[in-house]
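Have the sequence and the 3D view ready as you read.

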Amino acid sequence: MEQFELIAKTFQGLEEVLAQELTELGANDVQIGRRMVSFSGDKEMMYRANFCLRTAVRILKPIKHFTAKDADDVYNAVRAINWSDYLDIDTTFSVDSVVYSQEFRHSKFVAYKVKDAIVDYFREKTGKRPNIRITNPDIKLNVHIAEDKCTLSLDSSGESLHLRGYRVASVDAPINEVLAAGLIKLSGWKADSDFIDPFCGSGTILIEAALMARNIYPGVFRKSFGFEKWKDFDSNLFDAIYNDDSAEREFAHRILGYDLNMHAVEAARNNAKSAGVAD
């Protein structure tokens, strides 16, 4: 299978933990950056990264690196891409932009330029324009600009990977699941002893610890991933990853949570049930 460049995004401070996870997953060329870790792998690695990683927020697949001095340069670079490889005229798409640059002060303007270029590409090719949809698009694109260096990527995750899918009950200001997993990994706990959270809230840290202890991958609860809408989606390959529970294991210790708020304890119980770790 063809190897290509990939980028896993995360929170500041979790880069090394994520790099360790990627190395354990078998990724190649793992390099730590700012709130991200770049790596290389094939299609299976991209699917596994989305399905297995606990400390990644999203997995991007770069399709073009270019330099741009102004918005016209962005437009021209994006317009030159053969978009028929990625989209059809009836594919809905959205563009997310992250900009650290003196030249491009407005990230929304950059996103508009990317959208314009794609729409014009199809208008010239087919006489029709594809649909842009902000919520739940078929394809999500990400443009990242640091000064004049630009990267345009396909977002293989879709919704943020912290949205595991097991949360059925919540409390005020719940901790993000990726952050919870990162804190557990930073604590050095190796699932070889009891685990206690004295202020457990809706149970996020407890559940992430239980999933780690049993080696249940967080992707198993997700309804969908972005790559499932891609033209080259291999459903057999993904089904094999999804249905493989050979790495799961028993856990001989206890995971305990306490909270003064009974509503929080009830929420934690319901979430643990939903994640299949209530026992």
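We begin on the surface, where Leu 179, Leu 183 and Leu 186 make up a nonpolar patch with about 260 Å² of accessible area together. Patches are built from residues with over 30% relative accessible area and no salt bridge, and nonpolar side chains (Val, Leu, Ile, Met, Phe, Trp, Tyr) are joined within 5 Å. A salt bridge here is a side-chain nitrogen of Lys or Arg within 4 Å of a carboxyl oxygen of Asp or Glu. Areas come from the Shrake-Rupley method with a 1.4 Å probe, and for residues, only the protein chains shown count as cover.

The model is predicted: local features need pLDDT of at least 70 and side-chain atom pairs count only at pLDDT 80 or more, while totals for chains, interfaces and linings use all residues. Residues are numbered from 1 along each chain as its sequence is written, and side-chain values use heavy atoms, leaving out hydrogens and water.

Leu 179 lies in helix H5 (residues 177-187); helices (H or I, at least four residues) and strands (E, at least two) are DSSP runs numbered from the N terminus.

| Residue | Relative accessible area | Class |
|---|---|---|
| Leu 179 | 34% | partly exposed |
| Ser 38 | 16% | buried |
| Gly 201 | 15% | buried |

Now look inside. Which residues have the most contacts inside the largest nonpolar core? They are Phe 39, Ile 59, Val 78, Trp 83 and Ile 118, in a core of 52 residues. Helix H4 (residues 107-126) gives the most to this core, with 8 residues. Such a core is a set of buried Ala, Val, Leu, Ile, Met, Phe, Trp, Tyr and Cys residues joined through side-chain atoms within 4.5 Å. In soluble globular proteins, nonpolar side chains tend to be buried together. A second, separate core of 12 residues includes Phe 195, Cys 200, Ala 213 and Phe 251.

Ser 38 belongs to strand E3 (residues 36-41). Strand E2 (residues 28-32) pairs with E3 in the antiparallel sense over 3 bridges; pairing requires at least two bridges found by DSSP. Opposite Ser 38 in E3 stands Gln 31. The two strands, E2 and E3, form a hairpin with 3 residues between them, and Arg 35 in the turn has a positive phi of about 55°.

Finally, Gly 201 sits in the loop between strand E8 (195-197) and helix H6 (204-214). Its C-alpha atom is 8.7 Å from that of Asp 172, 29 residues apart along the chain.

Note on methods. Patch = residues over 30% accessible without salt bridge, like charges linked within 9 Å, V, L, I, M, F, W, Y side chains within 5 Å. Buried < 20%, exposed > 50% of the residue type's maximum accessible area, 1.4 Å probe, protein only.
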